[in-house]
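Please look over the chain shown here before reading on. The report goes with it.

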Amino acid sequence: MGEFELIRQYFLPLARVRGSHSLVLGPGDDCAVQRIPPGSDLVFSIDTLVEGVHFPPGYRPDFLGWRALAVAASDLAAMGATPSCFTLALTLPAAREPWLRDFAQGLGKAAESFGLVLAGGDTTRGPLALSIQVHGLVEQGAALCRSGARIGDLVVVSGTLGDAGAALDYLDAGNPTADEKFVLERYHHPRPRLKLGVALRGLATAAIDVSDGLLADLGHILEASAVGANIDRARVPVSPALARLKGESALDYALHCGDDYELCAALPEAGWAAAPPSLKAQLTVIGVIEAEPGLRVDGIAVSSGSGAEGFDHFRRAT
Ligand SMILES: [Mg+2]
């Protein structure tokens, strides 16, 4: 089977639109066409993953398909956008059928799970790399930005942090324990907080997804909002599995490691008090926005420069 046939066979099923959808023309023409509903803003973002930089060489193609789309969709969650469609640019050393089949399977599962339809794409020959552009929709003017945090706002995070970062220590584990399996699953199959992002619209003053590590990503909110923050270290949520695996250093993973794709947001105290219990159950208050610039943990300043506290994917993943 030729390269184009392979791609048609494995990728076209991801372009099937079910029910009402803003994608009015999918793959097969010169461009895709998306109709923006009146009163909506189009929210879009692109992410590139390169073998040996963002994922280990020889990484399982089904895991790669899921992870690549999850990472891209997480940026939609951070903006409070509802996912609509995506495009994929895939650079492959060779069009090997088992690899394409497994990759498309992982990608397809993620697409279905996140409500994203394939709108089009491109393939080229070269070292393995992929770029995914995701499109989402949000009510006009309602996108969550990094720049709106105000003094006195509470800093909240979803889920638990540090699991995916710790997983890198066990990527080659031959016979992982239950706790190791738990954190590995968090690394291989991140679940972007899409519903939570939508629920935070109109409530959060600023939001970001935790891709590079809590301190680094919260630092981006502080910089964009021209404020500071203090984090209560003991309140940073870690999973029981991470606590058992890493003991006292579990919190270091939670503060510094990325790849969890949870959300970090700022919201006014009154908004938090009035928030529905179902929303509160997904979030933990870990600190407060302050006037004094910079990020502090238990009152002690940490550097919050871009990437300074972030996680180095390359060093740990390869
Ligand atoms: Mg992001």
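## Basis

This is a predicted model, in which local features need pLDDT of at least 70 and side-chain atom pairs count only at pLDDT 80 or more, while totals for chains, interfaces and linings use all residues. Residues are numbered from 1 along each chain as its sequence is written, and side-chain values use heavy atoms, with hydrogens and water left out.

Helices (H or I, at least four residues) and strands (E, at least two) are DSSP runs, numbered from the N terminus. Two strands pair if DSSP finds at least two bridges between them.

## The four-stranded sheet

Four strands form an open sheet with mixed pairing, in the order β3-β6-β4-β5. Its edge strands, each pairing on one side only, are β3 (40-50) and β5 (117-125). Ignoring direction, neighbouring strands of this sheet are turned by 15° against each other on average. Strand β4 (residues 82-92) runs parallel to β5, and eight bridges join them. Leu90 has Thr123 in β5 as its bridge partner.

Helix α1 (residues 3-11) packs on the sheet and touches β4 and β5, its direction making about 155° with that of β5. Helix α3 (residues 97-114) lies across β4 and β6 (129-139), at about 165° to β4. Axes are lines fitted to C-alpha atoms, for helices over the stretch in contact, and angles run from 0 to 180 degrees between N-to-C directions. Contact means heavy atoms within 4.5 Å.

## Val138 in strand β6

Val138 lies in strand β6 and counts as buried at 1% relative accessibility. Buried means under 20% relative accessible area, exposed over 50%, and partly exposed in between (1.4 Å probe, protein chains only). Leaving aside residues up to four places away in sequence, Val138 touches residues including Gly39, Val43, Ala81 and Arg201. Val138 and Val198 are 60 residues apart in sequence, with C-alpha atoms 8.6 Å apart.

## Strand β10

Strand β10 (residues 263-267) is largely enclosed by the rest of the structure, because five of its five residues are buried. In a regular strand the side chains alternate between the two faces of the sheet. From β10, Leu263, Ala265 and Leu267 point one way, and Cys264 and Ala266 the other way.

Strand β7 (residues 154-158) pairs with β10 in the antiparallel sense over four bridges, and Leu154 has Leu267 as its bridge partner. Strand β8 (residues 206-209) also runs antiparallel to β10, joined by four bridges; here Ile208 is partnered with Cys264.

Among the buried residues of helix α5 (residues 178-188) are Val183, Leu184 and Arg186. The buried residues of α5 pack against α2 (61-79), α4 (163-167) and α8 (240-246).

The structure holds 13 salt bridges (a side-chain nitrogen of Lys or Arg within 4 Å of a carboxyl oxygen of Asp or Glu). In one of them Asp259 meets Arg67, with the closest N and O atoms 3.4 Å apart. Asp259 sits in the loop between α9 (250-256) and β10, and Arg67 in helix α2, 192 residues apart. Asp259 and Arg67 are both buried.

Arg186 and Glu262 form a salt bridge at 3.1 Å, N to O. Glu262, at 3% relative accessibility, counts as buried. Glu262 also meets Arg193 in a salt bridge (2.7 Å, N to O). Glu262 lies in the loop between α9 and β10 and Arg193 in the loop between α5 and α6 (194-200), so the pair ties together parts 69 residues apart in sequence.
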